Number of protein chains: 2
Amino acid sequence: MMNKVNSLHSQSKVYVGIVHQLREMISKDGLKQGDKIPSERELSERLNVGRSSVREALRALELLGLIETRRGEGTFLRDFRDHHLIDLLGMFILQDHKAQQDVKCTKTMIEKEALRTIFCQNLDVSALISKVAEDNDSLTWREIFEGVILVSNNYLSHRIWNVLNDYETLIIGEKKITPEIKEKLLTLLQGLENQDKESVQTAYKQICEIGDQELTNSNIFL
Amino acid sequence: MMNKVNSLHSQSKVYVGIVHQLREMISKDGLKQGDKIPSERELSERLNVGRSSVREALRALELLGLIETRRGEGTFLRDFRDHHLIDLLGMFILQDHKAQQDVKCTKTMIEKEALRTIFCQNLDVSALISKVAEDNDSLTWREIFEGVILVSNNYLSHRIWNVLNDYETLIIGEKKITPEIKEKLLTLLQGLENQDKESVQTAYKQICEIGDQELTNSNIFL
DNA sequence: AGAAAAAGGTGGTCTGACCACTGTGACCCT
DNA sequence: AGGGTCACAGTGGTCAGACCACCTTTTTCT
């Protein structure tokens with residue numbers, strides 16, 4: 001008898017096939033984060049494969065942070081934002097300076113594009129402005145730009161940005177919001193609201209410069 | 001008797017400990033890409049763990065693209081830049097939210113950024129020009145823009161673009177290079193070479209419009 | 001009814017077995 | 001000596017079964 005996994009992905013190893021089966025299963029059954037997936041033994045039976053192969057697939061996904069296993073309970077889907085790709089990759093490619101630079105460029109690209117979209121479509125940033133305007137010291141860099149990108153309404157970019165930001169944070173630590181940056185941020189956001197292209201551009205550029213400056217001071221890897 | 005892996009990472013699961021051991025082993029022995037790492041059985045013995053646990057760790061790293069296994073030969077380190085970060089993200093993040101619009105926007109963003117980089121740094125695109133200029137009917141859309149992005153020298157963006165392009169191709173099929181587009185492409189590339197910002201922008205915009213038009217004709221999902 | 005004990009399910013790990021594939025080296029024939 | 005063949009050892013790929021530790025649920029006892 002032909003087993004399901006191999007019949008669909010005949011050239012792959014079993015565990016890779018299982019990863020694919022799992023993905024299909026998740027989307028077919030509409031599983032969301034926090035939902036429980038079948039037990040290892042049940043998967044092993046349903047897919048006609050050994051439990052060790054199921055575990056190889058599951059452990060791989062777990063290392064990536066896509067699933068979470070709780071002994072005695074079962075295996076559950078995690079919030080995809082929580083994946084550990086970053087830690088893993090960082091662990092292995094930390095020494096690659098070019099990679100770091102690529103991360104920074106790509107992240108900046110997404111931020112700029114988000115600002116551009118907001119500007120061109122004149123999207124509402126008033127919520128962000130009041131958030132920044134609040135005298136809140138616990139405000140993080142991530143919250144701000146995550147907000148910006150969310151407003152620009154590109155889910156995919158948001159995901160990618162999150163990954164890149166995690167990576168950067170891992171390497172150089174959390175960026176602080178200084179009063180100086182806060183001021184520039186307000187200028188930027190108000191520029192977006194008032195359709196003042198010039199001030200948006202210069203403010204963003206200044207923010208980046210300040211960030212870079214801080215980066216070179218704190219990056220122990222450079 | 002206490003085993004090595006658990007003595008160092010007592011709270012972790014065994015396979016996670018093995019991943020760490022492996023990383024240390026790699027840096028201590030100065031292993032480079034292409035080098036062979038010990039066999040599963042030897043690792044199992046050296047670390048005092050079961051072979052299945054070793055395999056769970058190895059399979060996870062393989063799924064990430066950090067190592068490569070060849071049956072009958074052994075396990076080898078891969079080029080770390082070949083990691084599958086993006087592919088995996090694509091597989092699990094793009095699955096349910098089939099936000100085609102997001103894919104298109106993000107892909108366009110990368111292309112524009114690449115063009116901008118090439119323009120600002122005045123990078124050499126003569127190779128691309130001659131490639132397009134050749135009367136070669138087998139020229140694909142992918143080849144062109146992959147070339148553009150490669151010239152811009154952002155590996156990470158390149159990887160992301162590849163995934164997005166694959167995804168788009170899967171949904172709407174391969175884009176054809178019509179003579180009209182070919183002409184615009186040449187205009188664009190020559191604009192890059194001659195530092196003619198205006199013609200680059202308008203040519204790219206026109207290319208996108210033509211592409212969109214074709215897209216709405218052929219997209220069976222819309 | 002409430003608490004304690006037992007049972008069943010789940011992931012975590014190890015062992016041993018078998019298969020398919022690869023490289024190597026001994027062996028044989030010319 | 002040269003060239004080819006073949007058996008063997010090593011490697012990853014997979015499976016089955018056995019424990020263990022832990023959690024939840026059910027049953028049992030007080």
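Predicted model: local features only at pLDDT ≥ 70, side-chain atom pairs only at ≥ 80, totals over all residues.
Strands of a sheet pair through backbone hydrogen bonds, in either a parallel or an antiparallel way. In chain A, two bridges link strand 1 to strand 3 (residues 74-77) in the antiparallel sense. A:Lys36 has A:Phe76, in strand 3 of chain A, standing opposite.

Chain B also holds an open sheet of three strands, with the order 1-3-2 and antiparallel pairing. Strand 1 (36-37) and strand 2 of chain B are at the edges, and because each has a single partner strand, one side of each is left without a neighbour in the sheet. Strand 2 and strand 3 of chain B run antiparallel and are joined by four bridges. Within this pair, B:Ile67 has B:Leu77 of strand 3 of chain B as bridge partner. Helix 4 of chain B packs on the sheet and touches strand 1 and strand 2 of chain B, with a direction at about 110° to that of strand 2 of chain B.

Another pair of elements in chain A is formed by helices. The axes of helix 7 (residues 126-133) and helix 8 (residues 141-152) of chain A come within 10 Å and cross at roughly 175°. An angle over 145 degrees counts as roughly antiparallel, and helix 7 and helix 8 of chain A are therefore roughly antiparallel to each other. From helix 7 of chain A, the residues A:Leu128, A:Lys131 and A:Val132 take part in the contact. On the side of helix 8 of chain A they meet A:Glu143, A:Ile144, A:Gly147, A:Val148 and A:Val151. By class, the residues of this contact are five nonpolar, one polar and two charged.

The protein also meets two DNA strands. DNA strand D is surrounded by 25 residues, and the closest are A:Lys13, A:Val14, A:Gly50, A:Ser53 and B:Glu40. Of the atoms of DNA strand D within 4 Å of the protein, sugar or phosphate accounts for 62%, and bases for the rest. The surface near DNA strand D has 13 charged, 10 polar and two nonpolar residues. Elements that each supply at least two residues of the surface near DNA strand D include helix 4 (51-63) of chain A and helix 3 (40-46) of chain B. Also among them are helix 4 (51-64), strand 2 (67-70) and strand 3 (74-77) of chain B.

DNA strand C is likewise surrounded by 25 residues, with A:Arg55, B:Lys13, B:Val14, B:Gly50 and B:Ser53 the closest. Sugar or phosphate makes up 61% of the atoms of DNA strand C within 4 Å of the protein, and the rest belong to bases. Two nonpolar, 10 polar and 13 charged residues form the surface near DNA strand C. Helix 3 (40-46), helix 4, strand 2 and strand 3 of chain A each supply at least two residues of this surface, as does helix 4 of chain B.

| Protein atom | DNA atom | Distance |
|---|---|---|
| A:Val14, polar backbone atom | DNA strand D, phosphate oxygen | 2.6 Å |
| A:Arg51, polar side-chain atom | DNA strand D, base nitrogen | 3.5 Å |
| B:Arg55, side-chain N or O atom | DNA strand D, phosphate oxygen | 3.1 Å |
| A:Thr69, side-chain N or O atom | DNA strand C, phosphate oxygen | 3.4 Å |
| B:Lys13, side-chain N or O atom | DNA strand C, phosphate oxygen | 2.5 Å |
| B:Val14, polar backbone atom | DNA strand C, phosphate oxygen | 2.7 Å |

How values were computed
Residues numbered from 1 in each chain as written. Chains lettered and ligands numbered in written order. Heavy atoms only, no water. Near = heavy atom within 4 Å. Polar contact = N/O pair within 3.5 Å; in protein donor to acceptor, adjacent residues only side chain to side chain. Nonpolar A, V, L, I, M, F, W, Y, C, P; charged D, E, K, R; others polar. Pairing = 2+ DSSP bridges. Axes fitted to C-alpha atoms, helices over the stretch in contact; angles between N-to-C directions. Parallel < 35°, antiparallel > 145°, perpendicular 65-115°, else oblique. Contact = heavy atoms within 4.5 Å.
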